[in-house]
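Take a look at the protein shown here.

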Amino acid sequence: MTTDLRFRKNLISVADFVKTRDRLFCSGWAGPGEGKTYFCLGFPSPIYMYSFEPEGPLWALRTALHNGLIEPDDVYVDEVIPNALKTGDFPLIRDTEEEHKIYDYFKDAVDYVCRTETQGTIAIDTGTTFNQITQEVEMEEIVKKRKRQGKSEPYKFDFGHANRATKHFIDRLRASSMNLVIVHHAREK
């Protein structure tokens, strides 16, 4: 294929372009018990909820189901940490190898939904825990390097590596046909 034909093939009409971009993306912060999971339930179903928290969405989902706010097939929950580690439970303490397993599992699980589903919402509960795992996994080599250099902590610019990894993950979700909602734990600062 000549270069000119390749470029021509990549041009799409504005109608097709805007049709594929009509999705919702939202991120919110709140304290424990303030309705983060309920907030996620307001997005278009089916909702693929990736929970990083022990019992995080349990009470909200139980109440919403009991009160008829959602139907059984409106929400699918993946308890990321126990499923990634194949433990059936949340371990009290995790090592770096386990963090790698969780990180890889989550990326593969979300990629699977992005490839196989054409509508709905991906909900991450909570982005705070996902970000902590991403920081640990993506910063592991940098932390070791800084220790070899006699530094007690990474430089501020070192965190750009983990931030780029998170951005690439979010970009993958934004390139899909799925809506995205990420809820986080609020902090005072």
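What follows is a short tour of this predicted model.

## Overall layout

The protein has 8 helices and 5 strands. Read from the N terminus, the elements follow the order α-α-β-α-β-α-β-α-α-β-α-α-β. Along the principal axes, the C-alpha atoms fill a box of roughly 55 × 55 × 35 Å.

The chain counts 189 residues, and 38% of them are buried.

Helix H4 covers residues 58–66. Three of its residues, Ala-60, Leu-61 and Ala-64, are buried. They span an arc of only 95° around the axis, so they sit on the same side of H4. Trp-59 and His-66 are exposed on the other side of H4.

What covers the buried residues of H4? The cover includes H3, S2 and strand S3, which is residues 75–79. After H4 comes Gly-68, with a positive phi near 75°.

## The largest pocket

The largest pocket holds about 240 Å³ of space. Its lining has 15 residues, and the closest to the pocket centre are Pro-32, Gly-33, Lys-36, Thr-37 and Gly-56.

Which helices each supply at least two residues of the lining? They are helix H3 (36–40) and helix H4 (58–66). H3 gives the most to the lining, with 3 residues. By type, the lining residues divide into 4 nonpolar, 6 polar and 5 charged.

## Ser-45 and its cis bond

Ser-45 lies in the loop between H3 and strand S2, and S2 is residues 47–51. Pro-46 is found in the loop between H3 and S2 as well. A cis peptide bond joins Ser-45 and Pro-46, with omega about 0°.

Is Ser-45 buried, partly exposed or exposed? Its relative accessible area is 38%. Buried means under 20% and exposed means over 50%, with partly exposed in between. Ser-45 therefore counts as partly exposed.

Leave aside the neighbours within four places in sequence. Ser-45 is then in contact with Asp-74 and Gly-120. Pro-72 is 27 residues from Ser-45 along the chain, and their C-alpha atoms are separated by 11 Å.

## Asn-179 in strand S5

Asn-179 lies in strand S5, residues 179–185. Its relative accessible area is 9%, so Asn-179 is buried.

Which residues does Asn-179 touch, not counting those up to four places away in sequence? They are Arg-23, Leu-24, Pro-44, Gly-120, Thr-121 and Ile-122. The side chain of Asn-179 reaches the backbone nitrogen of Leu-24 at 2.8 Å. Gly-120 links back to the previous section: Ser-45 is in contact with Gly-120, and Asn-179 touches Gly-120 too.

## Phe-130 in helix H7

Helix H7 runs over residues 127–148, and Phe-130 is found in H7. Is Phe-130 buried or exposed? With a relative accessible area of 5%, it is buried.

Beyond its neighbours within four places in sequence, Phe-130 is in contact with Phe-52, Tyr-103, Phe-106, Ile-124 and Phe-169. Ala-60 is one of the buried residues of H4. Phe-130 and Ala-60 are 70 residues apart in sequence and 20 Å apart in space, C-alpha to C-alpha.

Thr-126 lies in the loop between strand S4 (121–125) and helix H7.

Lys-86 lies in another loop, between helix H5 (80–85) and helix H6 (96–116). The phi of Lys-86 is near 55°, a positive value in a residue other than glycine. Its relative accessibility is 75%, so Lys-86 counts as exposed.

Note on methods. Residues numbered from 1 in each chain as written. Predicted model: local features only at pLDDT ≥ 70, side-chain atom pairs only at ≥ 80, totals over all residues. Heavy atoms only, no water. 1 Å grid on protein atoms, 1.4 Å probe; cavity = no way out; pocket = protein on both sides within 12 Å on 5 of 7 lines; lining within 4 Å. Points joined across faces, edges and corners; volume = space filled by probe spheres on them. Helix = DSSP H or I, 4+ residues; strand = E, 2+ residues; numbered from the N terminus. Nonpolar A, V, L, I, M, F, W, Y, C, P; charged D, E, K, R; others polar. Buried < 20%, exposed > 50% of the residue type's maximum accessible area, 1.4 Å probe, protein only. Contact = heavy atoms within 4.5 Å. Polar contact = N/O pair within 3.5 Å; in protein donor to acceptor, adjacent residues only side chain to side chain. Arc of directions from axis to C-beta.
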